[in-house]
Amino acid sequence: MTSRPRKLPRVLSPHEADLLLDRFNTRYLTPLRNKAMVKTMLDTGLRAGEVVALRPEHIDLRTCKLTVREGKGAKDRTLWFGTDLR
């Protein structure tokens, strides 16, 4: 069996990330929630399913620590996120 070469994911530049985040209409709550989820994904590298599975007890805002429970491969991991706000 021949395997395909693995491709690295394409990473957005800071400018592209800002353009993406500016597309959300923050006038209403649902787009604001979605913007927060996308920003979390951009800043931490989380997958969509991991962001959806986050619970308030997994996030420590004092230490900027985020715990992913049973991520890919059913493994737990800890991530640190920045405090910069866009």
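**Figure 1. Radius of gyration and extent of the predicted model.** The protein has a radius of gyration of 15 Å. A compact globule of 86 residues would come near 12 Å. Along the principal axes, the C-alpha atoms fill a box of roughly 50 × 30 × 20 Å.

Figure 2. The protein holds 3 helices and 3 strands. Among contacts with a separation of 6 or more, 23% join residues 24 or more positions apart.

**Figure 3. The largest nonpolar core.** Six residues build this core: Leu-46, Val-51, Leu-54, Leu-66, Val-68 and Leu-79. Each of them is buried, because a nonpolar core is a set of buried residues joined through side-chain atoms within 4.5 Å. Across the protein, buried residues make up 19% of the 86 residues.

**Figure 4. Close-up of Val-51 and its contacts.** Val-51 belongs to the largest nonpolar core. Leaving aside residues up to four places away in sequence, Val-51 touches Met-37, Met-41 and Leu-46.

**Figure 5. Surface and charged side chains.** The accessible surface of the protein comes to about 7500 Å². Carbon and sulfur atoms account for 56% of that area. The protein carries 18 positive and 10 negative side chains. The centres of these two sets lie 5 Å apart.

Notes:
Residues numbered from 1 in each chain as written. Predicted model: local features only at pLDDT ≥ 70, side-chain atom pairs only at ≥ 80, totals over all residues. Heavy atoms only, no water. Helix = DSSP H or I, 4+ residues; strand = E, 2+ residues; numbered from the N terminus. Rg over C-alpha atoms; globule rule 2.2 N^0.38 Å. Buried < 20%, exposed > 50% of the residue type's maximum accessible area, 1.4 Å probe, protein only. Contact = heavy atoms within 4.5 Å. Areas by Shrake-Rupley, 256 points an atom, 1.4 Å probe, with all protein chains shown as cover. Lys, Arg positive; Asp, Glu negative; His and termini not counted. Charge placed at Lys NZ, Arg CZ, Asp CG, Glu CD.
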